[in-house]
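Here are my notes on this one, jotted down as I went through it. Have the viewer open while you read.

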Amino acid sequence: MEIRQLTNTEEKQKVTRFVLEALPEWFGIPEAREEYIRECSNKIFFSAYDKDRPVGFLCLKETGNATIELYVMGVLKEFHRHGVGRELFHRAKKAASEAGYSFMQVKTVQMGKYEEYDRTNKFYLSLGFQEFEVFPTLWDDWNPCQIYIMCLR
């Protein structure tokens with residue numbers, strides 16, 4: 001497994017599309033998926049490769065002078081629970097810290113709503129994120145937004 005930081009816009013979009021389209025349980029809303037693909041093109045971006053095949057990615061987005069967001073990440077299902085997401089996160093956390101950010105946040109669907117997102121929540125908690133706040137209608141009534149945060153310093 002190799003983790004690379006990508007800077008080429010087209011390559012970022014290609015990897016993002018490839019991975020997100022393979023994960024309809026999490027990224028099945030076409031408009032949201034296309035927004036992620038578009039937004040990732042000019043953000044801090046890491047991709048995981050098995051040989052030369054992309055198997056996952058993570059994108060960071062600045063949300064304030066001191067805060068960066070784990071904006072979106074995805075790992076192909078056959079690579080879940082193999083350390084790919086954890087390695088992507090550690091590389092991203094190091095880059096965020098070196099860039100001078102003090103905090104990282106991530107938004108996901110509140111625990112207890114969907115099994116797929118419960119696994120996602122448990123993953124973020126295992127990385128050291130802590131519950132910050134739930135915004136019940138930030139996205140819509142069916143997907144209450146849970147925000148997790150962590151201190152980088």
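The points below cover a pocket and then a pair of helices.

1. Before anything else, keep in mind that this is a predicted model.

2. Start with the largest pocket, which has a volume of about 1,400 Å³. Of the 44 residues lining this pocket, Trp 26, Phe 27, Tyr 117, Thr 120 and Tyr 124 are the closest to its centre.

3. Which class leads the lining? Sorted by class, the lining of the largest pocket holds 22 nonpolar, 12 charged and 10 polar residues.

4. Which helices and strands supply at least two residues of that lining? On the helix side, they are α2 (24-27), α3 (30-40), α4 (84-98) and α5 (115-127). On the strand side, they are β4 (67-75), β5 (103-109) and β6 (130-140). The element that gives the most to the lining is α5, with eight residues.

5. Now for α4 and α5 as a pair. Two packed helices are described by the angle between their axes and the distance between the axes. Here the axes of α4 and α5 come within 11 Å and cross at roughly 45°. The two helices are therefore oblique to each other, and their crossing is right-handed.

6. Which residues make the contact between α4 and α5? From α4, Gly 85, Arg 86 and Phe 89 take part, and they meet Phe 123, Ser 126 and Leu 127 of α5. By class, this contact has three nonpolar, two polar and one charged residues.

Technical notes: Residues numbered from 1 in each chain as written. Predicted model: local features only at pLDDT ≥ 70, side-chain atom pairs only at ≥ 80, totals over all residues. Heavy atoms only, no water. 1 Å grid on protein atoms, 1.4 Å probe; cavity = no way out; pocket = protein on both sides within 12 Å on 5 of 7 lines; lining within 4 Å. Points joined across faces, edges and corners; volume = space filled by probe spheres on them. Helix = DSSP H or I, 4+ residues; strand = E, 2+ residues; numbered from the N terminus. Nonpolar A, V, L, I, M, F, W, Y, C, P; charged D, E, K, R; others polar. Axes fitted to C-alpha atoms, helices over the stretch in contact; angles between N-to-C directions. Parallel < 35°, antiparallel > 145°, perpendicular 65-115°, else oblique. Left-handed = near helix turned anticlockwise from the far one by under 90°. Contact = heavy atoms within 4.5 Å.
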